[in-house]
Each structure stands twice: as C-alpha cells, then as structure tokens.
Amino acid sequence: MNSGLHGTQEISLPGWIALAVILFTQSIWLFTDGQKRSAKYWFWGIWGLTTFPMPTILYLIFVRRIFKKKEN
C-alpha cells in the first residue's frame, strides 16, 4: 500500500525483530559498560534504544576515548 510519500516502504516482521534485537543489544551493552566506567549509564542505555549506531560511536569517542593520544 502506498501512503502517498515517495520512497517509503513497509518493514516486514523479521525486519522489525532484527531492529529490536540490534537496539536492545546496543542499549544493554552501553548500560553495562557505562556502569563499569561510572559514566551516566542510564543516559547511554536509554539513548541506545532510540537510534543505531550513533550512540555507540559517540560512547566510544567520549567515554572509552578510543582516539586518545598514546603516551611514550
């Protein structure tokens, strides 16, 4: 069924299930890792439920500091 908007498609049930699994997995990882690092874990866990992959990317940059300078 076309809703009148160009470029929209319906998502199948397996697609919704895959999306839910991805978002819940991301959220649980952000929450538990944030707890270990004392980093506003509630914020990261809830944000992880909303989109993918931006919360994980920003978490790795700002909390895990994956781009920090190596000390000699």
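Which helices are included in what covers the buried residues of α1? They include α2 (41-47) and α3 (54-62). Keep in mind as you browse that this is a predicted model.

**Helix α1 from end to end**
- Helix α1 takes in residues 13-36, 24 residues in total.
- After α1 comes S38, which has a positive phi, near 50 degrees.

**The buried side**
- The buried residues in α1 are L23, Q26, S27, L30, D33 and G34.
- An α-helix has 3.6 residues a turn, so residues three or four places apart point the same way.
- Among the elements that cover these buried α1 residues are α2 and α3.

**A closer look at S27**
- S27 sits in helix α1, and its relative accessible area is 9%.
- That value counts as buried because the cut-off is under 20%.
- Leaving aside residues up to four places away in sequence, S27 touches G45, I46, G48 and L49.

**The nonpolar surface patch**
- On the surface, I11, L13, W16, I17, L19 and V21 make up a nonpolar patch.
- Together these patch residues have about 600 Å² of accessible area.
- One of them, I11, belongs to the segment before α1.

How values were computed
Residues are numbered from 1 along each chain as its sequence is written. This is a predicted model: local features need pLDDT of at least 70, side-chain atom pairs count only at pLDDT 80 or more; totals for chains, interfaces and linings use all residues. Side-chain values use heavy atoms; hydrogens and water are left out. Helices (H or I, at least four residues) and strands (E, at least two) are DSSP runs, numbered from the N terminus. The expected span of a helix is 1.5 Å times one less than its number of residues. Buried means under 20% relative accessible area, exposed over 50%, partly exposed in between (1.4 Å probe, protein chains only). Contact means heavy atoms within 4.5 Å. Patches are made of residues with over 30% relative accessible area and no salt bridge: like charges are joined within 9 Å, nonpolar side chains (Val, Leu, Ile, Met, Phe, Trp, Tyr) within 5 Å. Accessible areas come from the Shrake-Rupley method with a 1.4 Å probe; for residues, only the protein chains shown count as cover. A salt bridge is a side-chain nitrogen of Lys or Arg within 4 Å of a carboxyl oxygen of Asp or Glu.
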